[in-house]
Amino acid sequence: MEHIQVHDIPNFETLRSEVMSHIPMLDKTVYGDYDVHEKPWTWSAHNKPYYMTVQRMIDEACNKYCVSWGCTTWTLNTMWYHVYNKGGTYINHTHTLANMAGVLHLVLEDERDCTDVMGFDKPIKEGQVVLFPSMHPHRSPVVHGSKIIIGFNWDIFHDMKVHEEVEKI
């Protein structure tokens, strides 16, 4: 099993258009609607008009990842977009509040600008999502063109409907 996986997004062009209609194009180096750490208990998908479309985009990939780890269930916890224009960057970081993280590459004008997941040497292309444990360091190198991503935190787990009883002492 691979702990870092890259998956193609089915129907990418059509679904990307739906998501992009909710992302403003501004003349800034880096911007987005990241709102996870301010008050994570108040985070709501209702504030993200692109949420349901992105969930459809990543569903197949998250299901495959979940099964590859012997898990039966996954939940999508938080989501945001980041837009990087020429010169934009984001430092090496990890994610909290979930056991998994994901980055969906909506726009990637220059393939050198893909998300850099430490120790992972395969390119991530436009129309692909990279999934990995949330504690795995990753960053956005300085971009050469335009890059638009959807970042998200999610959890995978085994539902434990069938389990062995443990004797209480």
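This is a predicted model: local features need pLDDT of at least 70, side-chain atom pairs count only at pLDDT 80 or more; totals for chains, interfaces and linings use all residues.
For accessibility I took buried as under 20% relative accessible area, exposed as over 50% and partly exposed as in between, with a 1.4 Å probe and protein chains only. I numbered residues from 1 along each chain as its sequence is written, and side-chain values rest on heavy atoms, with hydrogens and water left out.

I then searched the whole structure for aromatic pairs, and the count came to 5. Tyr 65 and Trp 69 form a stacked pair, with 6.3 Å centre to centre and 25° between the planes. I paired rings of Phe, Tyr and Trp (its six-membered ring) if their centres lie within 6.5 Å; planes under 30 degrees apart are stacked, over 60 edge-to-face, and the rest tilted. Trp 69 has 35% relative accessibility and therefore counts as partly exposed.

Tyr 65 also pairs with Trp 154, here edge-to-face, at 5.6 Å centre to centre and 70° between the planes. Tyr 65 belongs to helix α2 and Trp 154 to strand β9 (residues 147-157), so this pair ties together parts 89 residues apart in sequence. I assigned helices (H or I, at least four residues) and strands (E, at least two) as DSSP runs, numbered from the N terminus. Both Tyr 65 and Trp 154 are buried. I recorded one aromatic cluster formed by Tyr 65, Trp 69, Trp 74 and Trp 154.

**Packing of α1 on α2**

I next examined helix α1 (residues 12-20) against helix α2 (residues 51-68): the angle is about 155° and the axes are 9 Å apart. The axes are lines fitted to C-alpha atoms, for helices over the stretch in contact, and angles run from 0 to 180 degrees between N-to-C directions. The two helices, α1 and α2, are therefore roughly antiparallel. My classes were roughly parallel under 35 degrees, roughly antiparallel over 145, roughly perpendicular from 65 to 115, and oblique for the rest.

Which residues meet across α1 and α2? From α1 I listed Phe 12, Leu 15, Arg 16, Glu 18 and Val 19, and from α2 Thr 53, Val 54, Arg 56 and Met 57. Contact here means heavy atoms within 4.5 Å. The residues of this contact divide into 5 nonpolar, 1 polar and 3 charged. I counted Ala, Val, Leu, Ile, Met, Phe, Trp, Tyr, Cys and Pro as nonpolar, Asp, Glu, Lys and Arg as charged, and the others, Gly among them, as polar.

**Met 20**

I located Met 20 in helix α1; at 21% relative accessibility, this residue counts as partly exposed. Leaving aside residues up to four places away in sequence, Met 20 touches Met 25, Leu 106, Val 107 and Ile 148.

**Positive phi values**

I noted that most residues other than glycine have a negative phi. Asn 11 has a positive phi of about 55° and is not a glycine. I found Asn 11 in the loop between β1 (5-8) and α1, exposed at a relative accessible area of 59%. Leu 97 likewise shows a positive phi, near 70°. Leu 97 sits in the loop between β4 (90-93) and β5 (100-108) and is partly exposed, at 46% relative accessible area.
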